[in-house]
Amino acid sequence: ALLSANDTRLSMGRDLKKNQIQNFFSERIGDIEVLSRSKDLAGLIEDLIHVHNELEVKATDPYPVQNPLASEKIKRHETFFQGYMKDYGYYDVFVICAKHGHVMYSGAKESDYGANLSSGPLKESGLAQAYKEALKNGRPTFVDMKPYAPSKDAPAMFLATPVKVDGEVKAVLAFQLSDEAISKVMNYREGYGKTQEDYLVGPDKLMRSD
(Lines give C-alpha, C1' and ligand atoms only; values in the text may rest on other atoms or scores of the structure.)
Protein backbone atom coordinates (compact mmCIF):
# COMPACT_ATOMS: atom_id res chain seq x y z
CA ALA A 1 0.00 0.00 0.00
CA LEU A 2 2.86 2.39 0.82
CA LEU A 3 4.62 1.58 -2.46
CA SER A 4 1.39 2.09 -4.38
CA ALA A 5 0.74 5.42 -2.66
CA ASN A 6 4.25 6.65 -3.43
CA ASP A 7 3.99 5.50 -7.03
CA THR A 8 0.75 7.47 -7.39
CA ARG A 9 2.34 10.53 -5.79
CA LEU A 10 5.32 10.24 -8.14
CA SER A 11 3.08 10.01 -11.20
CA MET A 12 1.04 13.01 -10.07
CA GLY A 13 4.21 15.03 -9.51
CA ARG A 14 5.51 14.08 -12.96
CA ASP A 15 2.26 15.09 -14.67
CA LEU A 16 2.09 18.38 -12.77
CA LYS A 17 5.65 19.33 -13.72
CA LYS A 18 5.03 18.23 -17.31
CA ASN A 19 2.03 20.55 -17.58
CA GLN A 20 3.95 23.43 -16.02
CA ILE A 21 6.87 22.96 -18.44
CA GLN A 22 4.53 22.70 -21.43
CA ASN A 23 2.71 25.86 -20.32
CA PHE A 24 6.07 27.61 -19.95
CA PHE A 25 6.98 26.79 -23.58
CA SER A 26 3.51 27.74 -24.83
CA GLU A 27 3.81 31.14 -23.14
CA ARG A 28 7.22 31.71 -24.72
CA ILE A 29 5.78 30.94 -28.17
CA GLY A 30 3.00 33.44 -27.47
CA ASP A 31 5.59 36.06 -26.47
CA ILE A 32 7.66 35.69 -29.62
CA GLU A 33 4.65 35.61 -31.95
CA VAL A 34 3.24 38.85 -30.50
CA LEU A 35 6.61 40.63 -30.64
CA SER A 36 7.27 39.40 -34.19
CA ARG A 37 4.12 41.19 -35.36
CA SER A 38 4.77 44.42 -33.48
CA LYS A 39 5.45 47.82 -35.04
CA ASP A 40 8.39 48.24 -32.64
CA LEU A 41 10.19 45.25 -34.14
CA ALA A 42 9.31 46.23 -37.71
CA GLY A 43 10.81 49.68 -37.08
CA LEU A 44 14.01 48.20 -35.68
CA ILE A 45 14.38 45.80 -38.62
CA GLU A 46 13.88 48.59 -41.15
CA ASP A 47 16.59 50.67 -39.47
CA LEU A 48 18.97 47.71 -39.26
CA ILE A 49 18.50 46.83 -42.93
CA HIS A 50 19.02 50.49 -43.84
CA VAL A 51 22.42 50.33 -42.11
CA HIS A 52 23.15 47.02 -43.86
CA ASN A 53 22.50 48.58 -47.27
CA GLU A 54 24.07 51.96 -46.54
CA LEU A 55 27.37 50.42 -45.38
CA GLU A 56 27.25 47.71 -48.05
CA VAL A 57 27.86 44.91 -45.56
CA LYS A 58 29.07 41.80 -47.37
CA ALA A 59 27.48 38.39 -46.82
CA THR A 60 30.54 36.95 -45.09
CA ASP A 61 31.34 40.02 -42.98
CA PRO A 62 30.24 40.59 -39.38
CA TYR A 63 27.56 43.24 -38.85
CA PRO A 64 29.19 46.64 -38.05
CA VAL A 65 27.56 47.17 -34.65
CA GLN A 66 30.23 49.70 -33.59
CA ASN A 67 29.74 51.91 -36.63
CA PRO A 68 28.28 55.34 -35.67
CA LEU A 69 25.38 54.92 -38.10
CA ALA A 70 24.45 51.53 -36.60
CA SER A 71 24.81 52.87 -33.05
CA GLU A 72 22.57 55.85 -33.85
CA LYS A 73 19.83 53.70 -35.40
CA ILE A 74 19.89 51.08 -32.63
CA LYS A 75 19.94 53.62 -29.79
CA ARG A 76 16.41 54.84 -30.55
CA HIS A 77 15.02 51.32 -30.01
CA GLU A 78 16.99 50.34 -26.90
CA THR A 79 14.48 51.56 -24.30
CA PHE A 80 11.73 49.33 -25.66
CA PHE A 81 13.79 46.17 -26.18
CA GLN A 82 15.74 46.44 -22.93
CA GLY A 83 12.42 46.89 -21.14
CA TYR A 84 10.95 43.89 -22.97
CA MET A 85 13.85 41.66 -21.91
CA LYS A 86 13.53 42.75 -18.28
CA ASP A 87 9.72 42.54 -18.08
CA TYR A 88 9.48 39.10 -19.73
CA GLY A 89 12.60 37.63 -18.13
CA TYR A 90 14.61 36.77 -21.24
CA TYR A 91 18.39 36.48 -21.05
CA ASP A 92 18.76 37.97 -24.52
CA VAL A 93 16.73 39.06 -27.54
CA PHE A 94 18.26 38.89 -31.03
CA VAL A 95 17.33 40.24 -34.45
CA ILE A 96 19.13 38.31 -37.20
CA CYS A 97 19.31 39.12 -40.90
CA ALA A 98 17.30 36.43 -42.68
CA LYS A 99 19.39 36.58 -45.87
CA HIS A 100 22.93 36.52 -44.46
CA GLY A 101 22.73 35.48 -40.80
CA HIS A 102 24.09 38.70 -39.32
CA VAL A 103 23.21 39.25 -35.66
CA MET A 104 22.08 42.83 -36.20
CA TYR A 105 20.70 43.37 -32.70
CA SER A 106 21.37 41.83 -29.30
CA GLY A 107 19.94 43.09 -26.04
CA ALA A 108 22.73 41.62 -23.88
CA LYS A 109 25.55 42.83 -26.19
CA GLU A 110 27.77 39.77 -25.63
CA SER A 111 30.41 38.53 -28.11
CA ASP A 112 27.67 37.24 -30.43
CA TYR A 113 26.54 40.82 -31.11
CA GLY A 114 27.35 41.49 -34.77
CA ALA A 115 28.40 37.89 -35.41
CA ASN A 116 27.78 36.14 -38.72
CA LEU A 117 25.85 32.92 -38.07
CA SER A 118 26.33 31.67 -41.63
CA SER A 119 30.11 31.87 -41.93
CA GLY A 120 31.56 32.99 -38.58
CA PRO A 121 32.79 30.96 -35.56
CA LEU A 122 29.21 30.66 -34.24
CA LYS A 123 27.85 28.92 -37.34
CA GLU A 124 27.48 25.62 -35.40
CA SER A 125 26.09 27.23 -32.24
CA GLY A 126 22.62 26.85 -30.78
CA LEU A 127 21.72 30.36 -31.95
CA ALA A 128 22.77 29.56 -35.51
CA GLN A 129 20.77 26.34 -35.39
CA ALA A 130 17.68 28.20 -34.17
CA TYR A 131 18.08 30.81 -36.92
CA LYS A 132 18.39 28.20 -39.68
CA GLU A 133 15.60 25.92 -38.43
CA ALA A 134 13.16 28.79 -37.91
CA LEU A 135 13.63 29.85 -41.54
CA LYS A 136 13.29 26.25 -42.69
CA ASN A 137 10.15 25.58 -40.62
CA GLY A 138 8.55 28.98 -41.14
CA ARG A 139 7.30 29.07 -37.53
CA PRO A 140 8.50 29.42 -33.91
CA THR A 141 11.19 26.79 -33.32
CA PHE A 142 12.99 25.71 -30.15
CA VAL A 143 16.58 24.48 -29.99
CA ASP A 144 17.40 22.32 -26.98
CA MET A 145 19.64 23.47 -24.15
CA LYS A 146 23.42 23.20 -24.42
CA PRO A 147 26.45 25.30 -23.42
CA TYR A 148 26.69 28.58 -25.32
CA ALA A 149 30.18 30.07 -25.69
CA PRO A 150 29.29 33.81 -25.78
CA SER A 151 27.49 33.39 -22.43
CA LYS A 152 30.57 31.85 -20.80
CA ASP A 153 29.36 28.36 -21.75
CA ALA A 154 26.28 28.67 -19.56
CA PRO A 155 23.39 26.37 -20.62
CA ALA A 156 21.20 28.19 -23.14
CA MET A 157 18.04 27.33 -25.03
CA PHE A 158 16.85 29.32 -28.05
CA LEU A 159 13.46 30.07 -29.53
CA ALA A 160 13.36 31.70 -32.97
CA THR A 161 10.75 32.69 -35.54
CA PRO A 162 10.83 34.33 -39.00
CA VAL A 163 9.67 37.95 -39.19
CA LYS A 164 7.87 39.37 -42.21
CA VAL A 165 8.03 43.05 -43.13
CA ASP A 166 5.75 44.12 -45.98
CA GLY A 167 4.96 40.47 -46.70
CA GLU A 168 8.58 39.34 -47.04
CA VAL A 169 10.74 37.49 -44.49
CA LYS A 170 13.40 40.05 -43.62
CA ALA A 171 14.71 38.82 -40.27
CA VAL A 172 14.61 36.16 -37.60
CA LEU A 173 13.65 37.10 -34.04
CA ALA A 174 15.29 34.90 -31.40
CA PHE A 175 15.07 34.62 -27.61
CA GLN A 176 17.80 33.15 -25.41
CA LEU A 177 16.40 31.30 -22.41
CA SER A 178 18.59 30.30 -19.49
CA ASP A 179 18.00 27.20 -17.35
CA GLU A 180 16.80 29.39 -14.44
CA ALA A 181 13.14 29.48 -15.49
CA ILE A 182 12.94 25.70 -15.92
CA SER A 183 14.82 25.12 -12.67
CA LYS A 184 12.33 27.37 -10.88
CA VAL A 185 9.49 25.06 -11.99
CA MET A 186 11.41 21.91 -11.11
CA ASN A 187 12.49 23.19 -7.69
CA TYR A 188 8.97 24.09 -6.56
CA ARG A 189 8.36 21.78 -3.59
CA GLU A 190 4.92 22.67 -2.23
CA GLY A 191 3.34 19.52 -0.76
CA TYR A 192 6.55 17.48 -1.02
CA GLY A 193 8.07 15.36 1.72
CA LYS A 194 11.53 16.04 3.13
CA THR A 195 13.42 13.88 0.62
CA GLN A 196 11.39 14.29 -2.58
CA GLU A 197 13.20 16.00 -5.45
CA ASP A 198 12.52 16.38 -9.17
CA TYR A 199 15.07 16.25 -11.99
CA LEU A 200 14.63 16.99 -15.67
CA VAL A 201 16.97 14.98 -17.93
CA GLY A 202 17.27 15.29 -21.71
CA PRO A 203 17.62 12.49 -24.28
CA ASP A 204 21.38 13.12 -24.25
CA LYS A 205 21.39 12.07 -20.54
CA LEU A 206 22.30 15.64 -19.51
CA MET A 207 20.42 17.71 -16.94
CA ARG A 208 17.96 20.39 -18.05
CA SER A 209 17.32 21.64 -14.53
CA ASP A 210 19.77 22.75 -11.87
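Here, buried means under 20% relative accessible area, exposed means over 50%, and partly exposed lies in between. The model discussed is a predicted one.

Q: In what order do the strands of the open sheet of 5 strands run?
A: The pairing in this open sheet is antiparallel, and its order is 2-1-5-4-3. Strand 2 (103–106) and strand 3 (141–148) each have a single partner strand, so one side of each lacks a neighbour in the sheet. On average, neighbouring strands are turned against each other by 25 degrees, direction ignored.

Q: Which residue in strand 5 stands opposite Ile-96?
A: Strand 1 and strand 5 pair in the antiparallel sense over 6 bridges. Within that pairing, the residue facing Ile-96 is Val-172.

Q: How many of the residues of strand 1 are buried?
A: In a regular strand, side chains alternate between the two faces of the sheet. On one side of strand 1, Asp-92, Phe-94 and Ile-96 are buried, and on the other Val-93, Val-95 and Cys-97 are buried too. Strand 1 is therefore largely enclosed by the rest of the structure, with a buried count of 6 of the 6.

Methods. Residues numbered from 1 in each chain as written. Predicted model: local features only at pLDDT ≥ 70, side-chain atom pairs only at ≥ 80, totals over all residues. Heavy atoms only, no water. Pairing = 2+ DSSP bridges. Helix = DSSP H or I, 4+ residues; strand = E, 2+ residues; numbered from the N terminus. Axes fitted to C-alpha atoms, helices over the stretch in contact; angles between N-to-C directions. Buried < 20%, exposed > 50% of the residue type's maximum accessible area, 1.4 Å probe, protein only.
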